[in-house]
Amino acid sequence: MTKWLRSGRRRDICLLLAAADDELRGQQLKSRLESHYDDRLEPKSFYGSLSALVDAGFVTKRTEGLHDVYALTDGGEQRVREHYEWVRECLEGD
């Protein structure tokens, strides 16, 4: 696993994008994470995580009107699937 997905928040962002039918706005991602964590996320920290994923090539960012929208890249989807398989193997045991 690359260092960019060692962060739980980054993995969770990728999971949300993998589950989405289409691109998501940054605020939609932030709201969904806050709902899941039952806690407010600092915007600077949250958007820093998104930027790191974009810089690493796991997430794409484009501007649509006033909003930035994000989607998982093929590389990001591959990492999510690899992580899912690892979690599944851990839960199933040997």
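Predicted model: local features only at pLDDT ≥ 70, side-chain atom pairs only at ≥ 80, totals over all residues.

Me: How far apart are the end C-alpha atoms of residues 16-81?
Reply: Over this stretch the chain is 58% helix and 21% strand. Its end C-alpha atoms are apart by 13 Å.

Me: Are helices α1 and α3 roughly parallel or roughly perpendicular to each other?
Reply: Helix α1 spans residues 8-19 and helix α3 spans residues 43-56. Their axes come within 10 Å and cross at roughly 70°. Angles of 65 to 115 degrees count as roughly perpendicular. The two helices are therefore roughly perpendicular.

Me: Which residues in α3 do R9, R10, I13 and C14 meet?
Reply: These four belong to α1. By class, the contact of the two helices has six nonpolar, two polar and two charged residues. The partners in α3 are S45, F46, S49, L50, A52 and L53.

Me: Which residue in β3 stands opposite K61?
Reply: Strand β2 (residues 59-64) and strand β3 (residues 67-72) run antiparallel, joined by six bridges. V59 stands opposite L72. For K61, the residue opposite is Y70.

Me: Which are the edge strands of the open sheet?
Reply: The sheet has three strands with antiparallel pairing, in the order β1-β3-β2. An edge strand here pairs on one side only. That gives β1 (24-25) and β2.

Key: Residues numbered from 1 in each chain as written. Heavy atoms only, no water. Axes fitted to C-alpha atoms, helices over the stretch in contact; angles between N-to-C directions. Parallel < 35°, antiparallel > 145°, perpendicular 65-115°, else oblique. Contact = heavy atoms within 4.5 Å. Nonpolar A, V, L, I, M, F, W, Y, C, P; charged D, E, K, R; others polar. Pairing = 2+ DSSP bridges.
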